[in-house]
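My entries follow the display.

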Amino acid sequence: MAKGRAHHSKRPTHQLLLAAVLSVSVLLPLFVPAAATVAVAEGDGVSALGGGKPLAVGKDEGKLVAEGDAGGGGSVEEDEFAGGFGSLDSMLQWAIGNSDPEKLKEEAADAQKLSEDELLKRRQEIKELMEKLKMPSDADLMKIAIDDLNNSSISLEDRQRALQELLVLVEPIDNANDLDKLGGLLPVIQELSNANEEIRTTSAWVLGTASQNNELVQNQILGYGALARLVKMGYSTSAEEAAKALYAISSLIRNNVNGQEAFHSENGSAMLQHILVSNNIDVRLQKKVVFLVTDLADFQLNSGIVQLPFLSERLFLKSIMDMLSRFDLDLQEKVLLAIKNLLKLSSTDVEDFEFCDLSNVLLRLGVQLEDLTPEDQKEFAVEVDALRREVQTLFQQKLKQGKATVA
C-alpha cells in the first residue's frame, strides 16, 4: 500500500471525526460565557453558540446537517476544517446536538471548578486537537504523491492514483511552479517510460497541465529532456496515449522558442505528418495536429522568428491540404485556418502551394460545401465557405506578389 495513503482523503473516517468532535464538546464550556454554558447544561434548548437557535439534541448526523443546510444559519463550509465543519462553532454545535445532555451538564459543572491554570491547559488541548483536524496543504499532498512515485514497491493502482492527484494539484500555477522544488518533476517524467500505458498517458497529462502557459515549468521539463519521449509517444497506436502526448508537446512548445527548436531537433514534424496521413488515426487527433500547426504559424507571424522549416516543406503542406477532402466541417474549418496562417508566412513559397494544387482543392471544397452538406449543417457550411473564399483570395494575392517579384 502506498505510503501516507490515509492522508489522501479530504475527510477523516466517521469514527475519528466523531471522537474528535465529542472531545471538543466535553471542552465546550471553556469557550462560552458561564451563563450560556449553564443554559445549555440545563437543557433549556437554547444554543450557547448564539442566536437563540434551538438545538437538535440527539438527532443523527445526516438529519442535523440537512436541517443546518436548509436553515442557513448552520450551513457547513467545506475544506477549512476536516469533516466539512467550516468553523469551531459549527463543530461544537454538531457535538452538542449529538451528546448526552446529562453528560454535558456534568462537564459544565466540572468546568466551573477548574482553576485558571487548568483552564489554560484545557484550551491548549483544544488548540492542539484543532490543529490535528486541519486539512493538509497542497504542498503536503504533493509531497505524499511524490513519495509514492519514488516508492518502487507500490502497486500500479497506487502509482496511477498518485499521478491523478498531482494532475489536480498542479493546475494552479503556484503549485505547478513548486513541483520541481518538491522533487516531483523528474519522477513524473520518468513515468513516461513506464511499461503501463495508463501510467505513461497520465504522466504526459500531468506535464501538459503543469507547463501550460507557464514558461518556467516549460523550460524545466525541456531541461530534463522529456520532449524526446513525448514525441515517441505521439506514434502510439493508442489514441488516448498519443492525444495526451500531443497535449503535453503543445503545452511545452507553445510560445516557447526553446521548445520549438527542441521539437524541430527531435524531428517532431515527422510525428505530426504521421498522424495526418494515417487513415486509421482518430480524426480528433488529426484536428489537434492541425490546431497546433495553426498556433505555431501564428506565433511565427507575431514574433517574427523563423525557426520551424517544416512549416514550409512541400510534403508537410500537402498533408495539411489533403485534410480538406475529408467530409468533416469542423476539420475543414481548422485546416483552412491553418492554411490561412501558413500563406501569410514569409518563409512559405507560393510555388509550394501551387505544387499542392491549392486552387483546385479550394474549388472542389466549394462544390462539396454547396452540394453535399446535410441540411442541418448548412449554416456552419456557409461560415466554412466564407473562410474558404478568404483563403482563396489570400492565395491569389500571394500568387500575384510572386509573379511581380519574378518580373
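**Ground rules.** I am working on a predicted model, where local features need pLDDT of at least 70, side-chain atom pairs count only at pLDDT 80 or more, and totals for chains, interfaces and linings use all residues. I number residues from 1 along each chain as its sequence is written, and side-chain values use heavy atoms, with hydrogens and water left out.

**Entry 1: α16 against α17.** I looked up helix α16 (residues 268–277) and helix α17 (residues 283–303). Helices here are DSSP runs of H or I with at least four residues, numbered from the N terminus. The two pack at an angle of about 135°, and their axes are 9 Å apart. I took axes as lines fitted to C-alpha atoms over the stretch in contact, with angles from 0 to 180 degrees between N-to-C directions. Angles under 35 degrees count as roughly parallel, over 145 as roughly antiparallel, 65 to 115 as roughly perpendicular and the rest as oblique. α16 and α17 are therefore oblique to each other. Their crossing is left-handed, meaning that the near helix is turned anticlockwise from the far one by less than a right angle.

Which residues make the contact? From α16 I noted L272, I275 and L276; from α17, L285, Q286, V289, V290 and L292. Contact means heavy atoms within 4.5 Å. I sorted the contact residues into seven nonpolar, one polar and no charged. Ala, Val, Leu, Ile, Met, Phe, Trp, Tyr, Cys and Pro count as nonpolar, Asp, Glu, Lys and Arg as charged, and the others, Gly among them, as polar.

**Entry 2: T294.** I found T294 in helix α17. Is T294 buried or exposed? T294 is buried, because its relative accessible area is 15% (buried is under 20%, exposed over 50%, partly exposed in between, with a 1.4 Å probe and protein chains only). Leaving aside neighbours within four places in sequence, T294 touches K334, L337, A338 and N341.

**Entry 3: rings.** I counted two aromatic pairs. Rings of Phe, Tyr and Trp (its six-membered ring) pair if their centres lie within 6.5 Å; planes under 30 degrees apart are stacked, over 60 edge-to-face and the rest tilted. F263 and F310 have ring centres 6.2 Å apart and planes at 65°, so this pair is edge-to-face. F263 sits in helix α15 (residues 257–265), F310 in the loop between α17 and α18 (314–321). F310 and F316 are also edge-to-face, with centres 5.1 Å apart and planes at 80°. Both F310 and F316 are buried. Ring pairs link F263, F310 and F316 into a cluster.
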